[in-house]
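Here is a short briefing on one protein model. Look at the structure first, then read the points below.

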Amino acid sequence: MRGFSLAAVARQFGAFASVGAVATLLQYAILWLGVEALGWRAAVASGVGYAVSSLLNYALNYRFTFQAQREQTTHRSALLKFYVIAGIGLLLNTALMAGFTHWGLHYWPAQLLTTALCLVWNFIGNRCWTFRATSSVSSD
């Protein structure tokens, strides 16, 4: 890939993880509320939290993480692609939570492990497709 910079990708991943942490806090609050207050299954509460927090996640990533690429990407195009990636991530999140909790893992460690796995999926999908730059990545 012409102009590829590992340092630039690492900085972008750091920004992605940072804004994702804000959305993850929202997802975790919904997970806790769903399980503890509403009696939902952990996989359901996690899935609802994932879906709701994806709205915040998109807005923050569009604004902060992928600002250089967004100049080349319309909201309509980016939003559609983002939600294809998020939809696959939602299925992955819910399946992992269902599996981990079914196998006896408490829902908090299950969610932490699931979050880590989904983070990798979401970053790669959004970097390589949703907000893919048509020009080379700057190494600053």
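The buried residues of H4 are Ala 78, Phe 82, Ile 85, Ala 86, Gly 89, Asn 93, Leu 96, Met 97, Gly 99 and Phe 100. Buried means under 20% relative accessible area, with exposed over 50% and partly exposed in between (1.4 Å probe, protein chains only). This is a predicted model: local features need pLDDT of at least 70, side-chain atom pairs count only at pLDDT 80 or more, and totals for chains, interfaces and linings use all residues. Residues are numbered from 1 along each chain as its sequence is written, and side-chain values use heavy atoms, leaving out hydrogens and water.

**Helix H4**
- H4 covers residues 75-102 and has 28 residues.
- Helices are DSSP runs (H or I, at least four residues), numbered from the N terminus.
- From first C-alpha to last, H4 reaches 39 Å, close to the 40 Å expected at 1.5 Å a residue. The expected span is 1.5 Å times one less than the number of residues.
- Its buried residues pack against helix H1 (6-37), helix H2 (42-65) and helix H5 (107-130). Contact means heavy atoms within 4.5 Å.
- Just after H4, Gly 104 takes a positive phi of about 100°.

**Aromatic rings**
- The structure holds 10 aromatic pairs. Rings of Phe, Tyr and Trp (its six-membered ring) pair if their centres lie within 6.5 Å; planes under 30 degrees apart are stacked, over 60 edge-to-face, the rest tilted.
- Tyr 58 and Tyr 62 have ring centres 5.7 Å apart and planes at 35°, so this pair is tilted.
- Both Tyr 58 and Tyr 62 are buried.
- Ring pairs link Tyr 58, Tyr 62, Phe 82, Tyr 83 and Phe 131 into a cluster.

Key. Helix = DSSP H or I, 4+ residues; strand = E, 2+ residues; numbered from the N terminus.
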